[in-house]
Amino acid sequence: MRYAAVLRYAKTVLGLFFTAIMLFPVYWMINVSFTRDNDMRADPPHLFPWNGTLEGYRAVFEQQLPYLGTSLVVGLGTVALTLVLSAPAGYALAKLRPKGGGALSFVLLIAQMIPGIIMAMGFYAIYLRLGVLNTVGGLILADSTIAVPFGVLIFTAFMSGIPDELINAALIDGASKWRTFVSVILPVSRNAIVTVSLFAFLWAWSDFVFATTLDGGGDAQPITLGIYHYIGNNNQQWNAIMATAVVASIPATLLLILAQRYVAAGVTAGAVKD
Amino acid sequence: MTTEVSSLVRTRENTARVRRGRGHWTAWAFLAPIVIYLLAFYAYPLYRNLDLSLRHYTVRSFVQGDAPFSGLDNYRDVFADPAFGPAFLHTLTFTVVSIAFQFAIGLALAVFFAQNFRLSATLRALFLVPWLLPLIVSASTWSWMLNSDSGIVNHALGLIGVDPVNWLTSPDWALTSVIIANIWIGIPFNLVVLYSGLQAIPCEIYEAAALDGANGRQRFWRVTFPLLRPVSAITLLLGLVYTLKVFDLIWIMTKGGPADASTTFATWSYRFSFGSLLPEFGPGAAVGNLLILMALFFGLLYIRFQRRQA
């Protein structure tokens with residue numbers, strides 16, 4: 001009995017050790033973001049930002065706020081577009097089951113596998129002709145292609161689990177299909193809505209491929225390009241670069257703290273069938 | 001009485017049939033936005049990309065849209081390009097090595113975390129962080145950690161007596177560097193999916209194996225591993241599809257260099273189209289389409305496999 005308790009304790013210690021190794025790069029990013037410029041190349045490197053500085057963060061506030069604002073708008077726009085497109089589609093595929101629905105699901109699965117860089121090239125050719133390069137709207141549209149197929153898959157899987165009795169009751173009460181969708185299906189699909197929104201936001205916020213190809217020359221550029229320009233300018237102000245990286249990681253961190261359950265569900269949803 | 005009931009049943013059936021007929025249209029009304037969306041924002045860009053790869057583009061004809069049709073010339077040029085062989089090899093190495101390590105480490109951690117100990121759920125959640133961070137964040141952090149002169153990695157190697165390595169600036173090490181960073185990013189996905197696969201294995205099987213006197217290693221190789229095979233296959237195939245298209249990480253860390261040492265199809269294609277002042281959209285699109293074919297091959301395998309499981 002004592003032996004088992006010690007073993008469990010040892011496992012916790014080992015788990016902490018593994019986690020520490022895995023998260024070391026994250027710690028290092030935070031550490032460097034507080035390190036003074038002239039300590040940056042110190043030998044040995046400062047393992048902890050003793051005598052640190054907030055200069056990096058000051059640089060973020062002075063230079064990166066517009067980029068962060070753009071990313072916020074792009075992220076929210078992508079969430080809205082993704083929900084509007086994928087929730088009704090999920091309902092139709094899960095509950096109305098029209099002929100050809102299976103083929104559509106198949107197309108969506110395939111669509112998820114197309115490399116973003118290739119989509120970006122096609123979008124570039126189209127946007128150039130239409131004159132919508134370097135616009136926020138264009139970037140939102142392109143970013144939504146990352147999330148929409150995933151959204152439909154999640155909504156379809158979730159709504160399949162809603163009991164038919166609930167829908168039939170609404171229909172017997174004389175509600176139309178649309179009415180049923182809006183006032184019965186959507187309210188009980190809260191979990192799916194949260195999952196899809198979280199991922200759509202995170203993917204749009206993190207997107208670099210579409211940003212660099214479609215929005216590389218605009219006035220309103222997202223934070224991923226803000227960081228990229230920092231690195232490219234070769235100013236070697238690594239505390240500012242890492243401070244921006246820390247700020248850019250906030251949405252992911254919030255997500256993990258506030259909605260860990262949904263995150264794990266989203267990761268496995270595509271891969272494992274229950 | 002009985003006729004009344006049967007007629008009632010019949011009208012019920014009729015309305016049901018009418019409703020289903022109309023329901024068909026209602027269903028497609030719900031699906032109309034997504035169908036239009038798929039045509040406009042998936043099919044059309046892909047068609048444009050195919051078109052790009054079959055024409056001879058210059059910057060001017062790209063804007064005006066009157067480039068001459070050149071058949072498979074772009075594909076021939078790409079295949080004949082001396083960079084083709086290395087790019088293909090790097091794509092293969094990057095994908096296979098990344099996935100092998102991600103899977104092995106992910107599986108080991110999944111088995112470890114499956115033994116419920118204090119904090120195991122919290123620590124498992126923390127493991128998700130690398131997967132959730134924007135790629136540019138991970139890529140720039142790794143760039144600084146792998147810096148030749150002041151990087152923490154070379155410093156740590158120095159402590160155990162290893163000479164500093166030019167991780168990102170030497171052609172011998174650039175590909176290894178981006179693979180290391182990519183393994184780090186991919187471990188969480190493998191861990192989470194394999195962990196949920198482990199949860200689906202009933203404990204009774206382990207109890208039976210323990211009663212039969214199986215030790216820990218036997219339990220893993222004789223029970224866990226075979227029963228986890230379907231989930232493993234799905235994880236590996238999805239990993240293949242994801243890893244083939246990795247572009248951001250490599251581009252941010254090395255731009256495919258030095259001297260093409262870490263160029264994969266994804267970065268090669270981007271460099272053709274956007275990497276210089278004289279874009280070559282034709283070859284860029286051609287390489288991109290080759291990449292799609294590779295991704296679709298594994299993608300279809302994945303779908304086939306998943307259908308068979310269901």
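Me: In which handedness of crossing does α2(A) pass α5(A)?

Reply: In this predicted model, α2(A) passes α5(A) in a right-handed crossing.

Me: And what are the angle and the axis distance for helix α2 and helix α5 of chain A?

Reply: Helix α2, residues 55-96 of chain A, and helix α5, residues 136-160 of chain A, pack at an angle of about 35°, and their axes are 6 Å apart.

Me: How do the residues of that contact of α2(A) with α5(A) divide?

Reply: The contact of α2(A) with α5(A) divides into 17 nonpolar, 10 polar and 2 charged residues.

Me: Stepping back, how many helices and strands are there in chain A?

Reply: Chain A has 13 helices and 0 strands, and its C-alpha atoms fill a box of roughly 75 × 70 × 30 Å when taken along the principal axes.

Me: What percentage of the residues in chain A is buried, and what share of the contacts joins residues 24 or more positions apart?

Reply: Of the 274 residues in chain A, 50% are buried; among contacts in chain A with a separation of 6 or more, 78% are between residues 24 or more positions apart.

Me: On to the interface: how many residues of chain B are in contact with chain A?

Reply: On the chain B side 81 residues take part, in contact with 78 residues of chain A.

Me: Which helix of chain B gives the most to that side?

Reply: Helix α1 of chain B, residues 2-53, gives the most to the side that touches chain A, with 19 residues. The side of chain B that touches chain A divides into 55 nonpolar, 21 polar and 5 charged residues.

Me: How is chain B divided into domains?

Reply: Domain 1 of chain B covers 2-53 and domain 2 covers 82-309, and the C-alpha centres of these domains of chain B lie 40 Å apart. Between the two, 4 residues of domain 1 of chain B are in contact with 6 residues of domain 2 of chain B, and the domain 1 side of that contact divides into 2 nonpolar, 2 polar and no charged residues.

Me: What does UniProt list for residues 88-302 of chain B?

Reply: An unreviewed UniProt entry lists "domain: ABC transmembrane type-1" for residues 88-302 of chain B. In the model that span is 74% helix and 0% strand, and its end C-alpha atoms lie 22 Å apart.

Me: Where does UniProt place the feature "transmembrane region" in chain B?

Reply: The unreviewed entry places the feature at residues 25-44, 87-113, 125-145, 173-195, 227-244 and 281-303 of chain B. Of these, residues 125-145 of chain B are 81% helix and 0% strand, with end C-alpha atoms 24 Å apart, while residues 173-195 of chain B are 96% helix and 0% strand, with end C-alpha atoms 33 Å apart.

Me: Why is helix α7 of chain B largely enclosed by the rest of the structure?

Reply: Helix α7 of chain B, residues 135-145, is largely enclosed because 11 of its 11 residues are buried. Among the buried residues of α7(B) are B:W142 and B:W144, as well as B:S138, B:S140 and B:S143.

Me: Where is B:D172 found, and how far is its C-alpha atom from that of B:A261?

Reply: B:D172 is found in the loop between α8 (152-159) and α9 (174-199) of chain B. The C-alpha atoms of B:D172 and B:A261 are separated by 7.3 Å, although these residues are 89 residues apart along the chain.

Note on methods: Residues numbered from 1 in each chain as written. Chains lettered and ligands numbered in written order. Predicted model: local features only at pLDDT ≥ 70, side-chain atom pairs only at ≥ 80, totals over all residues. Contact = placed C-beta atoms within 7 Å. Helix = DSSP H or I, 4+ residues; strand = E, 2+ residues; numbered from the N terminus. Nonpolar A, V, L, I, M, F, W, Y, C, P; charged D, E, K, R; others polar. UniProt positions renumbered as here; feature names shortened; annotations may be inferred. Domains from an automatic or database assignment. Axes fitted to C-alpha atoms, helices over the stretch in contact; angles between N-to-C directions. Left-handed = near helix turned anticlockwise from the far one by under 90°. Buried ≥ 20, exposed ≤ 12 C-beta atoms within 10 Å, placed from the backbone.
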